[in-house]
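Keep the 3D view open as you read.

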Amino acid sequence: MTITLEGVRAGYREFALQDITTTLPGGKLTALIGPNGCGKSTLFSAMAGLLPLKSGRIEIDGRDIARERPRALARHVALLPQSPVVPPAIRVSQLVAYGRAPYQGMLGMQRPGDAEAVTAALHKAGVGALRDRRLSDLSGGQRQRAFIAMCLAQDTPVMLFDEPTSFLDIRYQVDTLDLLAALAREGRTVVVVLHDIGQAARYADHLVIMKDGRLRHAGPPEAVVTPDMLGEIYDISARVYPDPVSGAPQISPEHRV
Amino acid sequence: MNVARVMTVSGALATGLVLASVWSISTGAVSVPWAVIANTLFDLEGPKQDFIVMKSRLPRTVLAVLTGGALALSGAIIQALLRNALASPKVIGINSGAALAVCLAVMAGAGAAWLPLYAFAGGVVAAFIVWLGSLRRRASPARLALIGIAVGFLCDTGVDYILVTAPTYQFSAPLVWMTGSLWSRGWTDVNAVAPLLLPLGALALLISYRLDLIRLGDSPARGLGVNVPLERPLLLLLATALAAVSVAAVGALGFVGLMAPHIARQLVGGDHRGLLPVAMLTGMLLVVLADAAGRALAPPIEVSAGILTALFGAPFFIFILLTNRRGDT
């Protein structure tokens, strides 16, 4: 499912999005990157339907998300915002079961297939062994993966993640990014906000680079991660070289410019 | 949710509630033996106590059950909406607004019979001001609680001013009301609140799962298909109505709304589909016990139920928080 943005303006003064027009490829992993305060999280909120647009439109698979009812949208788009609230006295399996809510009635009674979807999501996110543990007893990284499992249980064709690798050590960062790449290979459209340019370049199929609320570059990592881009966006002078493992462009900063 | 556990706990609480209700009907200035209560209630052969049982203590106990349940449900909803374990109906200004309205009404010379109406109006107005704050986009739960606390302080100041400046005799009745008491309540009060509290309570149980989702935060809830900007104010309205009707009938029984949801969370965990019914039963039990104990302590003098819920509830509350090893609350 392709995500199309047309002349999108949204947000608050300092994080406002200025006239964003672009297309995010369906069935691929897209990473949104840019310096702090560039508007990437605002763009994330706009795509998730959390933020009303001042003008323009966002279409997912040809459907205007502003016109979708929240429940219908939740069957197409799963989202993991930054630092969700950890509810008290809830077990991991219960949290993951919330992912089925868009398909259930008012009381959240299980429907056929829900239990299997929850179990599959728990294992896919690597928290199968933690299913009966209380969320409040887990480490930050374990909680983060439990929330990712909740999104997986939602089983939507589009999945949006806002900085899912923060709070994770390198092992779980790799796990998480591998998982997102695998979701894209299954044919889902995955959009992720990332801080680390190297990780974004290595795992994403498509990069969207923002600065000051504007979209500055978009395209495959090989095309957009260049010394010129790093100077223009991050004010750093850096060398770009192919990653010895994947061949994706990696960077070594030299100094600020 | 552990359904078996919720059922067991609910069964135990319901049994306790029945026993507490029988105790409540038997105890007081004139004590009525249990056999006489049974004779009166089920119209059996043998000695009966029609007046005390049917006209005085039964309606009072029914009112305690209704308002205790409603305050507990209201507290549980508000704690979920504000994502704050310290929240209760008092935090959104209901108790203070009701108290101020009652004081103003007494100053203006209103009759005692009208006080519940003024209390209801005052509670709703205070909560409405807080509710307006919740309509604002990006009104965080913490901000909502702060508005509520500020509105509460403002009303409390007004109450203090009136109590300090007015002649004392004028305020003996409002003072009893403000501590929360079921003294001299009868079927009229039950008939006034039951048609409101029963459907509101049923509605609260029906929306319990929405609270689970909303408690995750506005964005995650939205991601799971909850229309947060619409549902949050409606849920706040529901909690307000439950508490304001109860406060109007029995006064500021503030502690139940804070304590009952916490006790329930310790008993059955944080899933609101289990938490809400268990909190409701806990609230019912607490208020029935407090009211009965208030009459049993030193008859014929009555101690307000509000004073007793705090007196027994607070140490118990601190005990469960200290012994809670899970760090849930």
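Two strands pair if DSSP finds at least two bridges between them. Strands (E, at least two residues) and helices (H or I, at least four) are themselves DSSP runs, numbered from the N terminus. What you have here is a predicted model, where local features need pLDDT of at least 70, side-chain atom pairs count only at pLDDT 80 or more, and totals for chains, interfaces and linings use all residues. Residues are numbered from 1 along each chain as its sequence is written, while chains are lettered from A and ligands numbered from 1 in the order in which they are written.

How far does the predictor trust its own work? The model comes with an ipTM of 0.89 and a pTM of 0.88.

Now find the open sheet in chain A: 4 strands, antiparallel, in the order S2-S1-S4-S5. S2 (17–24) and S5 (63–64) of chain A sit at the edges with a single partner strand each, so one side of each has no neighbour in the sheet. S1(A), residues 3–10, runs antiparallel to S2(A) and is joined to it by 5 bridges. To get your bearings on S2(A), look for Thr23(A), which has Thr4(A) opposite.

Further along chain A, S11 (236–242) and S12 (249–256) run antiparallel too, joined by 7 bridges. Ala238(A) faces Pro253(A) of S12(A). These two strands make a hairpin with 6 residues between them, and Gly247(A) in the turn has a positive phi of about 85°.

What about the inside? A nonpolar core is a set of buried Ala, Val, Leu, Ile, Met, Phe, Trp, Tyr and Cys residues joined through C-beta atoms within 7 Å. Buried means that 20 or more other C-beta atoms lie within 10 Å of a residue's own, with 12 or fewer making it exposed and anything in between partly exposed; C-beta atoms are placed from the backbone. The largest core has 182 residues, and Val96(A) and Ile77(B) are among those with the most contacts inside it. A second, separate core of 6 residues includes Ile37(B) and Leu58(B).

Finally, the contact between the chains takes 24 residues from chain A and 27 from chain B, counting two residues as in contact if their C-beta atoms, placed from the backbone, lie within 7 Å. On chain B's side, H10(B) gives the most, with 4 residues.
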